[in-house]
Amino acid sequence: MQTKKIEVCCGSKCISRNSEEIFDYLQEEYKETDVAVHMCSCLGRCKKGPNILVTDEKEDEKVYHYSKNRTIKERIENNEGMPYTRYDTEDKLDLGSDFLGDL
Ligand code: FES
């Protein structure tokens, strides 16, 4: 998989679960590459966080529910994430406890 961009959630739930540490780890791991590593706002998957969103060269987005630093890079490079859908249409709008729990 050609990875284009990695975004690490910095919403309050993910921050409380050390997403900053994950961000630092991934930034270091990809510093000599053309992969951009950024922080992002809440991805709406708070209960499963910390979460990481990866966008590949085809603009496909996959979300990774973090496990350990030593495996997250391998999981990203093996394209093991779950397809990610943004809450941009009414039928996909899910304001369940995941999202509200972050407010
Ligand atoms: S705070 Fe990270 S997904 Fe909501």
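## Confidence

The mean pLDDT of this protein is 84, with 81% of its residues at 70 or more. The model is a predicted one. Residues 89-93 have pLDDT below 50, and this stretch makes three contacts in the model beyond near neighbours in sequence.

## Fold and burial

The protein contains four helices and five strands. Read from the N terminus, their order is β-α-α-β-β-β-α-β-α.

Of the 103 residues, 26% count as buried. Taking contacts between residues at least 6 apart in sequence, 59% link residues that are at least 24 apart.

## Nonpolar core

The largest nonpolar core has 17 residues, and those touching the most other members are Ile6, Val8, Ile22, Ile52 and Tyr64. Two or more residues of this core come from each of strand S1 (3-9), helix H2 (19-29), strand S3 (51-56), strand S4 (61-65) and helix H3 (69-77).

Valine 8 can be followed residue by residue. Apart from neighbours within four places in sequence, valine 8 is in contact with Ser19, Ile22, Phe23, Leu26, Met39, Cys40 and Ile52. Two of these partners, Ile22 and Ile52, are named with Val8 among the core residues that touch the most other members.

## Backbone features in loops

The peptide bond that joins glycine 49 to proline 50 is cis, its omega being near 0°. Proline 50 sits in the loop between strand S2 (36-40) and S3.

Asparagine 18 is not a glycine, yet its phi is positive, at about 65°. This residue is in the loop between helix H1 (12-16) and H2. Asparagine 18 has 15 C-beta neighbours inside 10 Å and therefore counts as partly exposed. Asparagine 79 likewise has a positive phi without being a glycine, with a value near 55°. The loop that holds asparagine 79 runs between H3 and strand S5 (82-83). Because 13 other C-beta atoms lie within 10 Å, asparagine 79 is partly exposed. For both residues the class follows from the cut-offs, since a buried residue needs 20 or more such atoms and an exposed one has 12 or fewer.

Key:
Residues are numbered from 1 along each chain as its sequence is written. This is a predicted model: local features need pLDDT of at least 70, side-chain atom pairs count only at pLDDT 80 or more; totals for chains, interfaces and linings use all residues. Two residues are in contact if their C-beta atoms, placed from the backbone, lie within 7 Å. A nonpolar core is a set of buried Ala, Val, Leu, Ile, Met, Phe, Trp, Tyr and Cys residues joined through C-beta atoms within 7 Å. pLDDT is the predictor's confidence in each residue, from 0 to 100.
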